[in-house]
Amino acid sequence: MTTPTTPTPTGTAIRLAGVSKTFSTSSGDVVALDDIDLDIPEGGFVSLLGPSGCGKSTLLRVIGDLVTPTTGTVEVAGTIAAEARRTRQYGMAFQAPGLMDWRTVRRNIELPLQVQGVGRAERRQRADEMLELVKLTQFADHRPRQLSGGMQQRVAIARALAMQPRVLLMDEPLGALDEMNREHLQRELLRIWRATGTTVVFVTHSIPEAVFLSTEVVVMSPRPGRIASRIPVDLPYPRTDETRLTDEFQAAERHVRERLHAVLEPTTAGL
Amino acid sequence: MSALVPVERPVRLSRGRGRGLLSALAPAAVLGVVLLLSWQLVVLVGGVQAYLLPAPSAIAQAVVSDAPALLSAARPTATAVVLAVLAGAALGVLASVVIAMFEGVARVVLALVALAGCAPIVALAPIFNAWLGSTSIASKVAVATLSVTIPVVVNTTRGLLAVSPTHREYMQSVSASRRQLLVHVRLPGALPALFDGLRVGATLSVIAVIVSEYFGGTSNALGVLIANTAAMSRFDQTWAAVFVASLLGLSLYGLIALVERVAVPWRSATSG
Ligand SMILES: Nc1ncnc2c1ncn2[C@@H]1O[C@H](COP(=O)(O)OP(=O)(O)O)[C@@H](O)[C@H]1O
Ligand SMILES: [Mg+2]
């Protein structure tokens, strides 16, 4: 089933085929991912939702070539994931902002460009654009530790966007924020996504967040980590705070909730 | 964006750093004055012989009257100490980078270096004097450099190895090279630890140079002055030289703190 609403996916940005990942630990093997097939369209905003430990972070890291799958293939932007990472197609933001204390906000955003070998003048210009985008221009010369958690997370998002990545991978980037800031950043994220047209894979454990942001919600089930269901979200963009109040939104939320509970129940019964 | 956007306030910069320093130093200053006064009283009222313990006033007098001799003796000592700190910092950082490159064995090497740091390096002074000549400052610089290098290596290597997983993962995600990880993450991340090591090393280097000079033959230096005046029972002069040596140590400590504030500005960016 395809989404009839904007933006229209034009191709496949990410393709996983038969991906599994087994971690060997001292207390035995952990099957974090089991036989995952997943296509993510170019320009899509796909959320990975599921109980903790179901392999969301592992799946995101497999897509980003930070974790090598035990079996299966990962294609990103037409090549293998390793090549996509080598050619710097990814922007990543994790639950912890992970900014460098020794750099100012601006120089943090410049870091990926510096790694890429972009010249000083262009670096600065791009960083200024990103600062504008996340509305932190006036804090350009602050140190990360002088900023609140929400502002730090915005810097991390700006840093992830600075390289104008084809694929944006985000692991619960808003998880640590209070409700107000969280919803504010959700709106900003949608604005940025629509302005840049990147493909986003977004890990969250919040149902309303997944529904509000995504073109598609992928519900995962634990032990072993599998894709339980894929739910297209047919709400038109731009989505605003009013969207959250519509019947369609609440119906979508209910639908996702049911699918998630279907995943949770056999687990709790099995315990 | 509209005024309805929740406004987040940045954590306020801790102002009053100066005031904080002052209020931290005030009790120490008061205690110091009390101790000096008690010392003076004990010596005067108790009738302590000057060769056992001169009164602070006598030491102060010696500092003033021997000022030219003290200054000229302090010069080679200070030179040796500063050279040792610079060389020890450079060698220490270099060694740390090399050790941290071999992550598999780094911890073992680090443990060995830390073990070596438990040995009293100054005890090597006569040996170094024999190797490099006791009358030049070379032997002093060598012993002191060793004293500085060890704590710098121990601290800096620990700093270099302690990369936050998030930082490591981020650098990996942008396909950064090992060299870029070193330059942009590991080295700046290890700077605070480097300065911790340097502060310990600086204190040790003053000790190393002075003690080295005790065995030091003819050259004019604070350690020589201390040894000679003590041998002649001119203890007011000995104490005056010890006082100057302490001043030297304190200034070095202050200088390092100053450099640290410039080199590691993020350490003071929050009150924490
Ligand atoms: N590096 C690792 N080593 C061993 N086990 C791991 C590792 N990373 C994840 N796991 C295990 O894999 C499973 C999935 O973890 P994760 O992907 O972090 O789940 P989620 O992000 O959905 O909470 C968990 O059981 C976790 O303990
Ligand atoms: Mg996770």
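Which residues are around ligand 1? In the predicted model, the residues around ligand 1 (a heavy atom within 4 Å) are Phe23(A), Thr25(A), Val30(A), Ala32(A), Pro51(A), Ser52(A), Gly53(A), Cys54(A), Gly55(A), Lys56(A), Ser57(A) and Thr58(A). Helix H1(A) supplies three residues, the largest share of this shell; helices are DSSP runs of H or I with at least four residues, numbered from the N terminus. Oxygen atoms of ligand 1 lie 3.3 Å from a polar backbone atom of Cys54(A), 3.1 Å from one of Gly55(A) and 2.7 Å from a side-chain N or O atom of Ser57(A). Of the 560 Å² of accessible area that ligand 1 has on its own, the protein covers 61% (Shrake-Rupley method, 1.4 Å probe).

Between the chains, 38 residues of chain A are in contact (heavy atoms within 4.5 Å) with 28 residues of chain B. The area buried there is about 3000 Å², with 61% from carbon and sulfur atoms; buried area is the accessible area (1.4 Å probe) lost on putting two parts together, summed over both. One salt bridge is counted between chain A and chain B, where the term denotes a side-chain nitrogen of Lys or Arg within 4 Å of a carboxyl oxygen of Asp or Glu. Glu169(B) forms a salt bridge with Arg61(A), with the closest N and O atoms 2.6 Å apart.

Residues are numbered from 1 along each chain as its sequence is written, with chains lettered from A and ligands numbered from 1 in the order in which they are written. Local features need pLDDT of at least 70, side-chain atom pairs count only at pLDDT 80 or more, and totals for chains, interfaces and linings use all residues, while side-chain values use heavy atoms, leaving out hydrogens and water.

Technical notes:
Polar contact = N/O pair within 3.5 Å; in protein donor to acceptor, adjacent residues only side chain to side chain. Helix = DSSP H or I, 4+ residues; strand = E, 2+ residues; numbered from the N terminus.
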